[in-house]
Amino acid sequence: MIEELGTTTEGDLVINIGPQHPSTHGVLHLVVTLSGETIKNVEPHLGYIHRSIEKMCESLSYRQFIYVTSRMDYLSSHINNHGCALCVEKGMQIEVPPRAQVIRVLMGELTRLASHQLWWGAMAMDLGALTPFFHAFREREAINEIMEETCGARLTMNYMVPGGVMADLHPNFVTKVKAFIQLFRSKIDEYDELVTGNIIFQNRMKGVGRLTREDAISWGCTGPTARGSGVSCDIRKLYPYEVYAQLKFDEVLEYDGDCFSRYLVRLAEMRQSLSIVEQLIDNIPEGDFQAKTKAVLKLPKGEFYSRVETARGEFGVYIVSEGATTPYRIKFRSPGFSNLSALNHMARGHKIGDLVAIMGTLDLVIPDIDR
Amino acid sequence: MTNEELKQSLTENFSGAQFEEGGEWICMAVEAAQFRETAGRLRSFSSLDFDYLFCLTCIDWKTHLTMVYHFTSTKYRHMLVVKVKLDRNVPSIDTVCDIWRTAEFHEREVYDLFGVKFNNHPDLRRLFMTDEWNGWPLRKDYEDPVNMIKL
Amino acid sequence: MPEDQKKEAPNFPGQVHHTPGGGILVSSIDDVISWARSNSLWPLVFGTSCCAIEMMSTAAPKYDWSRFGFEVARATPRQADVIIIAGTIVNKMAPVLKRLYDQMADPKYVIAMGACATSGGPFFYNTYSVVKGADHVIPVDVYIAGCPPRPEALLHALITLQEKIRQGGKREQIKIDASKLEK
């Protein structure tokens, strides 16, 4: 049954963490009930960046609403756009050419790498280690430059359109990505040396924030949060889309369920993403980068759901269409929303420093939660 | 299980279940009064074992509201969509947050944006909007001339 | 004093008069204080959405903003000089922003970064919760366009703010005469 929500007794302290706080995950307001330094209850207050995106999308056309999802989970903006484009293509039965599929997967994996790099730097910064932040951003700039040449923007690029991608790859793309792969292989080992083996870091992360397998499923967690507890939920493996079915990569699972396992899952995912990019970069097929579609898209009457694996978990796009040029209702199933709801369960009984470690490994991006 | 086997199993277990056609997954329509019992059985029957609720939302069809639940099973990997029709003037339904813990936040969101009351929810209050906000923003008849600038 | 013995001091407001035995620097206190203020503005850590990532990139090694004096990003508004509003402001966040601004000590400056903080940005039409521009809440000194603006654009804005301070630029104070308000 449902646990009793932590009741406040005399002598308890109720403090606010946020909405403006230096961990830069966004604007998250936590009301924490403490007894001494031990946490009794954590209550997230959301809505400080609720930009009414779902209502806004009801008046945008099917080509236009894709830019908005870039701004939701801005660290995996390509993958979000990909999910939206897949949903529209499912509704209109559009066939995406092979070149466009490979380009989409490449961009998605590079974005996943960039997102995990920033996660690693920001999480270490939250725990007090400032140096990894600068290392992470130095490598992230390399990916941003590659994106900027092809897509035109560094962070929120609407490069995916229903039917393919918006423009062809820049001529320098292949050489730059190959140079990046060489650079990053050695850097990942550097990350391991800097942080993973550090005894202080391990003491802060091991045994903290345990999430059992049944709880992870019940709370709806997806992505590395759930894979750290042994739940196999990688959409790229279970319901493959684009060319993922033909690629060789592992789904990384750890079974301890604490912060350190989630950390190890993400580091290993960085290596897997790098290997996917390596497999694809020499084999980009020639052809069209965009399928021929009508200028004005109209989805037939019905409901369509498509899902992709972002850096945070399963991102679902649910479109209900009445046959018009704008959707009747769009629902974005964001991964952070469910991951955050498990925070109270994980943080009870720990200290405040552990709360910061748990939030760091959940990898929350608040605009994704608030939509 | 494939879609056909699942449909077979559902028709056996739930008398009076109605199915909607079209769409890639089985879609079952349930009455609001029987929803909680149905949900409990979907979770506990070992041949169905829907332990993962991955999407909970509501659609405003101008004459009525429809709640939409998307389930899947981590063991069998089959999917199910359950729809419940609600009266627009007094929309209320039983909560399922003791069966699937993820429903707590999702139901608060639906309450905040559509005004659907969930019976026996432990903590039903607004999630995204301020506590004093009037109106249910995502309903189709929501007017807000102060804040919304129409294109 | 002969004209050819007066020289401008490099990078410092004022004039140097060369006399036998050394030089005398003549300046005005206001200019010197403005010079000192502009070269050590400490920003407040305030990022709500995507522009915060570009702000973090500006703090990162490639586009380092500490070259310009923005070395320490303070978490508390009591110790910060400039607030860079990076991201969208919504109705629920506006009182928080006002409170942070009130907590900062004078002289304080505000930079509105990105399209959302300038005017509501891509969320202008058909949204019920977005404040269409941060200047509805607090007075702004410098606006930056872009969605998100490049780190170089943010650096340009910081330099513009520094020049505004050095030239003694002030915002108009909005004063409300309480006696004229209707009861």
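Q: Which residues does Ile15(A) touch, leaving out those up to four places away in sequence?
A: Val32(A) and Leu34(A) are the ones Ile15(A) touches once residues up to four places away are left out. Keep in mind as we go that this is a predicted model. Ile15(A) itself is found in strand E1 of chain A, residues 13-17. Thr33(A) is worth a look too: it is 18 residues from Ile15(A) in sequence, but the two are 6.6 Å apart in space, C-alpha to C-alpha.

Q: How do I read the two faces of a strand, and which way do the residues of E8(A) point?
A: The general idea first: in a regular strand the side chains alternate between the two faces of the sheet. Now take strand E8 of chain A, residues 329-333. Arg329(A), Lys331(A) and Arg333(A) point one way, while Ile330(A) and Phe332(A) point the other way. All of these are buried, and E8(A) as an element is mostly covered, with five of its five residues buried.

Q: In which sense does E8(A) pair with E7(A), parallel or antiparallel?
A: Antiparallel, over five bridges, with E7(A) covering residues 314-321. To see one bridge for yourself, find Gly316(A), whose bridge partner in E8(A) is Arg333(A).

Q: What about helices? How far does H4(A) reach?
A: A bit of background: an α-helix has 3.6 residues a turn, so residues three or four places apart point the same way. Helix H4 of chain A, residues 98-126, has 29 residues and reaches 42 Å from its first C-alpha to its last. That is close to the 42 Å expected at 1.5 Å a residue. H4(A) is mostly covered, with 25 of its 29 residues buried. After H4(A) comes Gly128(A), with a positive phi near 115°.

Q: Which residues other than glycine have a positive phi?
A: Most residues other than glycine have a negative phi, and most peptide bonds are trans. Gln93(A) is one to look at here, with a phi near 55°. Gln93(A) is found in the loop between H3 and H4 of chain A, and it is exposed because there are 7 other C-beta atoms within 10 Å. Lys62(B) has a positive phi too, of about 60°. Lys62(B) lies in the loop between E3 and E4 of chain B, and with 9 C-beta neighbours inside 10 Å it counts as exposed.

Q: And where do cis peptide bonds turn up in chain C?
A: Pro107(C) is in the loop between H3 and E6 of chain C. Another cis bond runs from Cys147(C) to Pro148(C), with omega near -10°. Pro148(C) is in the loop between E7 and H5 of chain C.

Q: In what order do the strands of the open sheet in chain C come?
A: The order is E4-E5-E6-E7, and the four strands pair in parallel. At the edges are E4(C) and E7(C), each pairing on one side only. Further in, five bridges join E5(C), residues 82-86, to E6(C), residues 109-113. One bridge puts Ala86(C) with Met113(C) of E6(C).

Q: Which helices lie on that sheet?
A: H2(C) lies across E5 and E6 of chain C, at about 130° to E5(C). Helix H5 of chain C, residues 151-166, touches E6 and E7 of chain C, and its direction makes about 170° with that of E7(C).

Q: How many residues does each chain give where chains A and C touch?
A: Chain C gives 31 residues and chain A gives 28. On the side of chain C, the largest share, five residues, comes from H2(C). By class, that side divides into 19 nonpolar, eight polar and four charged residues.

Terms used: Residues are numbered from 1 along each chain as its sequence is written. Chains are lettered from A and ligands numbered from 1 in the order in which they are written. This is a predicted model: local features need pLDDT of at least 70, side-chain atom pairs count only at pLDDT 80 or more; totals for chains, interfaces and linings use all residues. The expected span of a helix is 1.5 Å times one less than its number of residues. A residue is buried if 20 or more other C-beta atoms lie within 10 Å of its own, exposed if 12 or fewer, and partly exposed in between; C-beta atoms are placed from the backbone. Two residues are in contact if their C-beta atoms, placed from the backbone, lie within 7 Å. Ala, Val, Leu, Ile, Met, Phe, Trp, Tyr, Cys and Pro count as nonpolar, Asp, Glu, Lys and Arg as charged, and the others, Gly among them, as polar. Two strands pair if DSSP finds at least two bridges between them. Axes are lines fitted to C-alpha atoms, for helices over the stretch in contact, and angles run from 0 to 180 degrees between N-to-C directions.
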